[in-house]
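Please keep the sequence and the three-dimensional view at hand while reading.

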Amino acid sequence: MIRSHVIPRHYLQQFQGSDERIWVYGKGSAPRQSTPLREGAERGYFAYTTKSGVADESLEEHLAKFEDEAVEPLRLMSNQCYWLRPGDKKKIAEYVGLMFSRASARRNGTGKMWDELRRTYEEASKDPGWVLKQISRYKQISGKLISQKEFLEAVARVLQKAGTPEEKKNMFLTNLLRLAEKISEDLIDKPWQIWDSTSPSEFITTDNPVVTVQPDGRAGFSIGAGFANKGVVTMFPIDPTSCLIIGNRGADRRRATVQAVQDVNKTLVMCMERWSYAKAFSVDTQWLVDHAGATLKYFENAFVPKWRGNDPEHLKRLMSDLI
């Protein structure tokens, strides 16, 4: 299988030093130096399993086209003389959407969500009333009447298939491009800023480099709100000297204070899956990763779907479409 870069190599190269190496920080592990080629990659990450059991890796080539479109504007955005053109804005919005939707944090969160839906479906199939409603619904849609036995056998097949690692991964990959497109649509019409860091502070990045914050009106904010939510600000570090801020009104560019850079870095670290990446070694970055790293988990305490926490009847209705 192809060794896929979950975090594109050209993006990590934005954070490498003159020696073409980056510093890698993991929670509870010693900082180490590595290269963009070696980091952020997983064999077969974008491989879809077909009905015949064959691995289809064509998505890799499709994603590469989006990445290639964004390479030049991404590289130029740190230059304070660069003016973000409308065409480049669209490319970057698509790129940001992809960086979120392809991240391992979302993949793992999606897997947990899939397991939760599967358990809900299994419990629903034990409710005679729900079963009869689904049989009636099936007849309305197809014009065919099936017995309870036939229905429960169909449920068993769905549950068996849904419980496989391949099916969970397929669900993640199937929705990847659709979600990326929806996010880019949410971002494109919002105000965009580029924050330039103040020396000696530098922006870092992580294996989950797109995060959101939402002010709560009381001088505080929540992390991991949906991109379309009112007042949500999206953060995406471009390189050590610049970070894209989407949703914040004001000048197209601004000089971020040392504290603002630290706040962005802390938000990123809290949402990381396993690794943070930086141009330079920093005791402060290691402390931050050790104490705040990966404290927010997607679909648990960040980016929680609206249907979670709803009553069982709502989930039963949601699961009706699986058969």
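The text below treats the chain as a whole, then a pocket, and then a number of individual residues.

## The chain as a whole

The structure is a predicted model. Its protein chain contains ten helices and 14 strands. The radius of gyration is 22 Å, close to the 20 Å that the globule rule gives for 323 residues, so the chain is as compact as a globular protein of that length. The C-alpha trace spans about 70 × 50 × 40 Å along its principal axes.

Of the 323 residues, 46% count as buried. The accessible surface of the chain comes to about 16,600 Å², and carbon and sulfur atoms account for 52% of that surface. Among the contacts between residues at least 6 apart in sequence, 74% join residues that are at least 24 apart.

## The second largest pocket

Empty space can be located by rolling a probe the size of a water molecule over the atoms. The second largest pocket has a volume of about 440 Å³. It is lined by 18 residues, and those closest to its centre are Glu202, Asn265, Ser282, Asp284 and Thr285. Helix H8 (258–270) and helix H9 (283–292) are the elements that give two or more residues to this lining. By residue class, the lining of the second largest pocket divides into ten nonpolar, five polar and three charged residues.

## Buried residues and their contacts

Methionine 77 is found in the loop between helix H2 (58–76) and helix H3 (86–101). Its relative accessibility is 0%, and methionine 77 therefore counts as buried, since the cut-off for that class is under 20%. Leaving out residues up to four places away in sequence, methionine 77 touches Tyr82, Leu84, Ile92, Ile194, Ile238, Leu244 and Arg253.

Isoleucine 246 belongs to strand S12 (residues 242–246). With a relative accessible area of 1%, isoleucine 246 is buried as well. When residues up to four places away in sequence are not counted, isoleucine 246 touches Leu187, Lys190, Pro191, Trp192, Val232, Val233 and Thr234.

Serine 184 lies in helix H7 (residues 165–188) and counts as buried because its relative accessibility is 9%. Apart from its neighbours within four places in sequence, serine 184 is in contact with Ala93 and Glu94.

## Separations between residues

| Residue pair | Separation in sequence | C-alpha distance |
|---|---|---|
| Methionine 77 and aspartate 115 | 38 residues | 40 Å |
| Alanine 156 and methionine 272 | 116 residues | 36 Å |
| Histidine 62 and leucine 177 | 115 residues | 9.7 Å |
| Isoleucine 246 and lysine 112 | 134 residues | 29 Å |

Alanine 156 is found in helix H6 (residues 148–162); at 43% relative accessibility, alanine 156 counts as partly exposed. Histidine 62 has its place in helix H2, and its relative accessibility of 35% makes histidine 62 partly exposed too.

## Backbone features

Where in the chain is a cis peptide bond found? Such a bond joins serine 199 and proline 200, with omega at about 10°. Proline 200 is placed in the loop between strand S7 (192–196) and strand S8 (205–206).

Positive phi values in residues other than glycine also deserve attention. For glutamate 20, phi is near 60°, a positive value in a residue other than glycine. Glutamate 20 is found in the loop between helix H1 (9–13) and strand S2 (22–26). Is glutamate 20 buried or exposed? Its relative accessibility is 54%, so glutamate 20 counts as exposed; the cut-off for that class is over 50%.

For alanine 294, phi is near 55°, again a positive value in a residue other than glycine. Alanine 294 lies in the loop between H9 and helix H10 (312–319). At 17% relative accessibility, alanine 294 counts as buried, whereas glutamate 20 counts as exposed.

Methods: Residues numbered from 1 in each chain as written. Predicted model: local features only at pLDDT ≥ 70, side-chain atom pairs only at ≥ 80, totals over all residues. Heavy atoms only, no water. 1 Å grid on protein atoms, 1.4 Å probe; cavity = no way out; pocket = protein on both sides within 12 Å on 5 of 7 lines; lining within 4 Å. Points joined across faces, edges and corners; volume = space filled by probe spheres on them. Helix = DSSP H or I, 4+ residues; strand = E, 2+ residues; numbered from the N terminus. Nonpolar A, V, L, I, M, F, W, Y, C, P; charged D, E, K, R; others polar. Buried < 20%, exposed > 50% of the residue type's maximum accessible area, 1.4 Å probe, protein only. Contact = heavy atoms within 4.5 Å. Rg over C-alpha atoms; globule rule 2.2 N^0.38 Å. Areas by Shrake-Rupley, 256 points an atom, 1.4 Å probe, with all protein chains shown as cover.
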